[in-house]
Amino acid sequence: MPTATRSPSSPPASRLSPDALRAEFVGASGYLAACSTGLPSLGTRAAMTADLHARPDLLHYAAVTERARASFARLVGVGADRVAIGSQTSVLVSLLAAGLPAGATVLCPEGEFSSLVLPFAHAGRGIRVRTVPLGDLAEALSSSDDLVAFSIVQSATGEVADADAIVTAARRHGARVVCDATQAVGWLPVDAARFDALVCHAYKWLCAPRGAAFLSLSEDFAATLEPVQAGWYAGADPWAACYGADARLADDARRFDVSPAWQAMVGAEPAIAMFAQADAAALHHRVTGLAARFRDRLALPQPARATPIVTWPDADGVDLARLTRAGVTASGRRGNARVAFHVFNDESDVGLAAAALGR
């Protein structure tokens, strides 16, 4: 049986090493905020610059979008026919919320990122959202829950969910499983086929421009959804679906597409292709190792499941201010300071941040 997160075996020699990936980024020293937004790669910069100097070409944009879709599908282990494109996480989740029956119950972790929760909370029709601590999610599932929605990596804390336990419990109780992988894909191998739906905005760990998001759907879940956002790009032949109400929609997940943000896709395509070629095991080891060494410098406990996001109490913002003064780009969330180590970081970033904090 496939697992929710993958532990890949030794990759082919053609896979990109972490060092090769890191060479694609410039000006990254002290940037510890991939959990807020990633940095553009050289490939992304070149693609977007070339686009600005060229005449708009819609056929080119469509080809770029399809390459981005295929690369994302390869990253999460599904066929491209199972992936829909969008622009924002909340918009894609709203499509899922619209498909729930009246009076449905959705289980979410406490403190979950609002883009995953609010579409369900405001769907109307008597749909109810209940929450429990992330660590209790699998045990809390019951036959009264129609759907469980969770981020595989929590935005506020970096905690990695026990996705396998959650999926197993959901299947036992007949609940659908929706996973937000925005804080995961790009450093954590994820098997989207294990979930009914997986949503991911690519502007964080995949280092794409904001405005390129993806939704992976199982065939049986997709069959329960209506294409309520259907536009011309959801057509079986988008170029023949530009006018009127009788256009035939795509038979696969593309019927849930929204018209792509062209320039965002231009920048996203080389970035996602790059991560799809990465040595996933080596990348995971690199970024979580940097975070582990930073925790050691700060005498912080290591998490149950390795994560490159490190948080610690900083209610008054003093530590965040220290980091900022030292030239470290970090963030604060829910009374904590938060840093994230990605492939463009190295040991010097660990030392810079630790020294800024007097460690």
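How many aromatic pairs does a search of the whole structure find? I searched the whole structure, which is a predicted model, and the search gave 12 aromatic pairs.

**Entry 1: aromatic rings**

I began with Phe150 and Phe195, whose rings form an edge-to-face pair, with 6.3 Å from centre to centre and 70 degrees between the planes. Phe150 belongs to strand β4 (residues 147-151) and Phe195 to the loop between β5 and β6, so this pair ties together parts that are 45 residues apart in sequence. When I looked up their accessibility, I found that both Phe150 and Phe195 are buried.

I then turned to Phe294 and Trp312, where the ring centres are 5.8 Å apart and the planes stand at 55 degrees, so I noted this pair as tilted. Because Phe294 lies in helix α10 and Trp312 in strand β8 (residues 309-313), the pair ties together parts that are 18 residues apart in sequence. Phe294 and Trp312 are both buried as well. I also noted one aromatic cluster, formed by Tyr61, Trp232, Tyr233, Trp239 and Trp262.

**Entry 2: a patch on the surface**

Trp239 came up again when I looked at the surface, where Leu58, Leu59 and Trp239 form a nonpolar patch with about 320 Å² of accessible area together.

**Entry 3: strand β6**

Is strand β6 enclosed or open? I found that five of the five residues of β6 (residues 197-201) are buried, so the strand is largely enclosed by the rest of the structure.

Strand β5 (residues 176-180) pairs with β6 in the parallel sense over three bridges, and Asp180 has Val199 of β6 as its bridge partner. Strand β7 (residues 213-217) runs antiparallel to β6 and is joined to β6 by five bridges, with Ala213 of β7 as the bridge partner of His201.

**Entry 4: salt bridges**

Side chains of opposite charge can pair when their charged atoms come close. I counted 15 salt bridges in the structure. In one of them, Arg22 meets Asp346, with the closest N and O atoms 2.6 Å apart. Arg22 sits in helix α1 (residues 18-22) and Asp346 in the loop between β10 (336-340) and α12 (347-356), so the pair ties together parts that are 324 residues apart in sequence. Arg22 is partly exposed at 32%, and Asp346 is partly exposed at 25%.

I also looked up Arg171 and Asp196, whose side chains meet in a salt bridge of 2.9 Å, N to O. Since Arg171 lies in helix α7 (residues 163-173) and Asp196 in the loop between β5 and β6, this pair ties together parts that are 25 residues apart in sequence. Arg171 is partly exposed at 40% relative accessibility, whereas Asp196 is buried, with 4%. Salt bridges that share partners join Arg171, Arg176, Asp196 and Asp220 into one network.

Notes: Residues numbered from 1 in each chain as written. Predicted model: local features only at pLDDT ≥ 70, side-chain atom pairs only at ≥ 80, totals over all residues. Heavy atoms only, no water. Buried < 20%, exposed > 50% of the residue type's maximum accessible area, 1.4 Å probe, protein only. Helix = DSSP H or I, 4+ residues; strand = E, 2+ residues; numbered from the N terminus. Pairing = 2+ DSSP bridges. Patch = residues over 30% accessible without salt bridge, like charges linked within 9 Å, V, L, I, M, F, W, Y side chains within 5 Å. Areas by Shrake-Rupley, 256 points an atom, 1.4 Å probe, with all protein chains shown as cover. Salt bridge = Lys/Arg side-chain N within 4 Å of Asp/Glu carboxyl O. Phe/Tyr/Trp six-rings, centres within 6.5 Å; stacked < 30°, edge-to-face > 60°.
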